[in-house]
Amino acid sequence: GMLYLQFALPNVGPAPVISIDPDPERIERGQYLANHVMVCIDCHSTRDWTKFSGPIIPGTEGKGGELFDQNMGFPGAYYSVNLTSTNLGKWTDGEIFRAITTGVSKDGHALFNIMPYHNFGQCDEEDIFSIIAYIRSLEPIDHETPLSSSDFPINLLINNIPRKANLQPKPNTADAVAYGKYLATAASCYDCHTNQEKGQFIGEPYAGGMRFIWPNGSVTQSLNITPHASGIGSWTETQFVQRFKAFADSNYVTPPIGPGDFQTPMPWEMYAGMEEEDLKAIFAYLKTIEPVDNTVQNFIPSGE
């Protein structure tokens with residue numbers, strides 16, 4: 001069994017042979033998805049954690065190198081890779097497509113599912129093509145990232161995580177609930193707003209409770225976003241949209257973070273760029289999911 005896990009998996013098939021035309025429309029769609037919905041650029045850039053919500057440091061877009069390790073509750077040390085041409089220039093479009101949608105790298109090794117490829121693999125093929133076209137347009141940054149590694153037993157089990165993609169057509173935007181579900185999946189709302197440990201979901205869907213541990217020992221817990229009173233049950237559509245759009249306001253200035261101040265990994269300034277109609281669709285979908293009674297303390301200062 002161990003030999004099977006080590007040498008026969010992951011088994012998602014070869015990378016498809018595709019060549020994506022990087023036309024302006026695709027690049028524009030990919031820029032929107034990668035920065036404001038699927039937020040690929042969030043993890044594959046350098047974030048300034050001296051400021052609230054860790055905004056991206058200009059000029060680092062796509063350079064990779066962000067570390068997600070045991071101190072943050074992960075079963076290993078995982079580095080985001082360089083998405084610019086200095087790294088992905090060696091990859092085919094099909095190899096990038098396979099990595100995004102199934103979690104298998106260029107050389108066939110499994111990627112840990114901190115990158116939510118299980119969600120991206122449910123997106124519309126054309127949206128993935130657009131992401132790739134946009135990534136190809138990024139300014140090259142010469143930055144070599146360290147190799148990721150998993151602790152035992154994840155180093156053996158990781159090969160069992162990748163799955164073949166289950167690509168779905170993007171729903172008609174007129175069906176707000178279906179389209180909202182599509183966007184919430186692409187944005188991986190479930191992954192952060194469902195409690196998990198070491199990559200395994202252990203909580204009720206969207207009920208919050210996932211812990212993000214900061215270097216000073218303080219903890220941020222994701223909030224309940226189900227339509228229960230302890231979640232967003234009393235929220236209006238306007239309140240939901242404005243919660244995001246406040247970070248896109250021209251008067252908004254990102255505040256610095258001092259010792260003991262509330263901090264969050266939620267990339268508010270990136271999601272703030274989402275179109276209002278898309279935010280409304282996500283809200284419409286969240287209102288249809290099972291309400292869960294779960295009051296979450298959003299922030300626990302160090303020492304408490």
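Good morning. Helices α11 and α13 cross in a right-handed manner. Please note that the structure before you is a predicted model.

For helix α11, residues 237-245, and helix α13, residues 276-286, the angle is about 130° and the axes lie 9 Å apart. Angles of 65 to 115 degrees count as roughly perpendicular and those over 145 as roughly antiparallel, so α11 is oblique to α13. On the α11 side, the contact is formed by Glu237, Phe240, Val241, Phe244 and Lys245. Helix α13 contributes Glu276, Leu279, Lys280, Ile282, Phe283 and Leu286.

I turn now to helix α7, which spans residues 125-136. Its axis and that of helix α5, residues 93-102, come within 10 Å and cross at roughly 120°. The two helices are therefore oblique to each other, and α5 passes α7 in a right-handed crossing. Which residues of α5 make the contact? They are Asp93, Ile96, Phe97, Ile100 and Thr101. They meet Glu125, Ile128, Phe129, Ile131, Ile132 and Arg136 of α7. Here the division is 7 nonpolar, 1 polar and 3 charged residues.

Helix α7 also packs with helix α2, residues 24-37; the axes of these two come within 7 Å and cross at roughly 95°. That angle makes α2 roughly perpendicular to α7. From α2, the contact involves Arg26, Ile27, Arg29, Gly30, Gln31, Leu33, Ala34 and Asn35.

Finally, I come to the empty space. Rolling a probe the size of a water molecule over the atoms shows where such space is left. The second largest pocket has a volume of about 260 Å³. It is lined by 14 residues, and those closest to its centre are Tyr117, His118, Asn160, Ile161 and Arg163. How does the lining divide into nonpolar, polar and charged residues? There are 3 nonpolar, 9 polar and 2 charged residues.

Thank you for your attention.

Terms used
Residues are numbered from 1 along each chain as its sequence is written. This is a predicted model: local features need pLDDT of at least 70, side-chain atom pairs count only at pLDDT 80 or more; totals for chains, interfaces and linings use all residues. Side-chain values use heavy atoms; hydrogens and water are left out. Axes are lines fitted to C-alpha atoms, for helices over the stretch in contact, and angles run from 0 to 180 degrees between N-to-C directions. Helices (H or I, at least four residues) and strands (E, at least two) are DSSP runs, numbered from the N terminus. Angles under 35 degrees count as roughly parallel, over 145 as roughly antiparallel, 65 to 115 as roughly perpendicular and the rest as oblique. Contact means heavy atoms within 4.5 Å. On a 1 Å grid over the protein atoms alone, a cavity is a set of points where a 1.4 Å probe fits but cannot get out, and a pocket is an open set with protein on both sides within 12 Å along at least five of seven lines; lining residues have an atom within 4 Å of a point. Grid points are joined across faces, edges and corners, and a volume is the space filled by probe spheres set on the points. Ala, Val, Leu, Ile, Met, Phe, Trp, Tyr, Cys and Pro count as nonpolar, Asp, Glu, Lys and Arg as charged, and the others, Gly among them, as polar. A crossing is left-handed if the near helix is turned anticlockwise from the far one by less than a right angle, and right-handed if clockwise.
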